[in-house]
Amino acid sequence: MVIASAPSSPSFSKTFFDSLYELADGERFKSCLQCATCSGICPFGYLMDFPPGRMISYLRADLFDEILDTDTVWMCVSCYACTEVCPAKIPVTPGLMTRAKEEMLLAGNLPSELQDALEYSQRYGNPLGESPRKRADWAKDLSPEIPIMRKAGRRVDILWFVGDYPSYHPRVQQTSIALHKILNALEVDFGILGPEENSDGDTQRLAGERGLFEVLAEKNGKCFSRYDFGQIITTDPHAYNAIKNEYPQLGIEYPIQHYSEFLYERIDDLKPLLKGNGQVKVTYHDPCYLGRVNKIYDQPRALLRAIPGLELVEMPHNHSTSLASGAEILAVACPYEPPRFEDATKVVDGAEGLIVKDIIELLADAI
Amino acid sequence: MTHILVTAKMVPDLVEELEIDDSGTALDMTWLRLIINEFDDHSIEQAILLKEKHGGDVTVIAPDFEGIDDVLFTAAAKGADRLIKLTRDFEEGVNNHALARAYVETIKLQNPDLILTGVQANNDLDGSIGPYLAELLGMSYVGYISGVSLEGDKVVVQKEYPGGLIGEMEVALPAVLGIQASEEPPRYVAVSKVRQVMKTATIEEQEIPDLDPRGGLDVNSMYLPEAAEKAEMLEGDEEEIAAKLVEILKDSGIL
């Protein structure tokens, strides 16, 4: 029998576990029942060497180093499914998973694609490696022209925080163009930051790059402070989450709404503009950071039901357990989704005919 | 203990469109975004890998262009021990003949055993820096290196040749190497780590009085690549397109 000598300094598991206690609700990690509901609901749990429940048991057994030798934490997409279902209300995603990614990152142990995205975010203010000068190029040919705050030199009611994918991704630019159409139809006074806008930093933060998140947030905060506007809106649930819940911790406080909240408040003005495009069955996928994290479930559905001829059918999993029924169209409300689900329809049997559209695109099509 | 010295410079970042200035002989620097020369980044990584394996220390030396402080602090966060910045007004640009001469006095004071340079850079109009440094310092030079190991008073290097051939050779120290690729890709350092290093590390500044560009090139004119003749798109259904394609191939003598 081999008896290990007592470690002279606290083990890595111990210091890591202690660091979790310092987080909001961190002491709840002690109350894990090992029920494994988290591991069961995790969309990637079946691929992980250490799904969340097992991570907690290894952490308690002082064996956390073993987890960091695997690629488990990089399979976590921070979707909050585990955190939502945990009966002990343990902050698995914001605590364990994010902190574990921070440790991996500090050790320089990260996938090369993520390294590129983080380096691009530092250098160009977007993870796609695109020119920051071209951030507003998607809007170049739109009529009426979108005011860019620096050039406009005036107050606007609404500052539209466009975000990375809606600015640069060719598919997602279509959702930006759709929102432009709706805002103009509603005669909203709005402007964008253009090349001055930086990535909101939320996904970088969730990937364990807290320092980079702070740099990006500070850049955006400085930019917000230069201009006069009533409130911010965005199509991106991550930008929404960052500016609503994370920026205030850095002293950057501005009112923000997701477009689904903003348009829902104006649904009486919107309804008369919607003509519809015939009878169509639509189902809706709740974005992680709109639904589970920020509890916005009803407004997106109300907007869909406002479209004449549109029948909303729910998937077996919806609301807080949303996962991507009979529908012809899959409606989404997050810029990551259209390209992702369109790719999925190409490889999933029976999904060939499914159309993927952001709610804003469906609204704009109906005008 | 091995003293390793790495040269690093900023080069135009091709993420932005390049523009030619009014003189028509150089890039317009007004809107130019600069980035660490990718091959220099690999040189820094290779130096750190050698230090981690064999001990020794690493000095990074760089001319003062916009953004160089961040590059130097990042190198320190990766494990570089000394950071030296060559200062003067480089606005007019600097060719590699002048840059090599500017490096030499500072490098001699460091007395390095091994100098790593990026094998090339996208703005090397007058050849790469490594051979000039080797000539001025009286050292050997081997370029296109993708692997280095220290063995006493020599290094064993893997040199890449065209056609996928790799040559392995011994080089007596001191020597200058032109790094094509480090053995591991350049590592990521968390922003928090770089910010910490910024508080503790210092960048030593060495004033460069004059630049001596002799031996370099005089640029007569610089211009963007010109669009050549457009491709002809064949119209019609598959049969028609195939028939037209066969016709074209016959006319051009290929069929």
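Two residues are taken to be in contact if their C-beta atoms, placed from the backbone, lie within 7 Å. By this criterion, 17 residues of chain A are in contact with 11 residues of chain B. The side of chain B that touches chain A comprises 6 nonpolar, 1 polar and 4 charged residues (Ala, Val, Leu, Ile, Met, Phe, Trp, Tyr, Cys and Pro count as nonpolar, Asp, Glu, Lys and Arg as charged, and the others, Gly among them, as polar). The model is predicted: local features need pLDDT of at least 70 and side-chain atom pairs count only at pLDDT 80 or more, while totals for chains, interfaces and linings use all residues. Residues are numbered from 1 along each chain as its sequence is written, and chains are lettered from A and ligands numbered from 1 in the order in which they are written.

Along the principal axes, the C-alpha atoms of chain A fill a box of roughly 80 × 50 × 35 Å.

Of the 367 residues in chain A, 45% are buried (20 or more other C-beta atoms within 10 Å of a residue's own; exposed means 12 or fewer, partly exposed in between, with C-beta atoms placed from the backbone). Turning to chain B, B:V60 touches B:V6, B:A8, B:I44, B:L72, B:A75, B:A80 and B:L83, leaving aside residues up to four places away in sequence.
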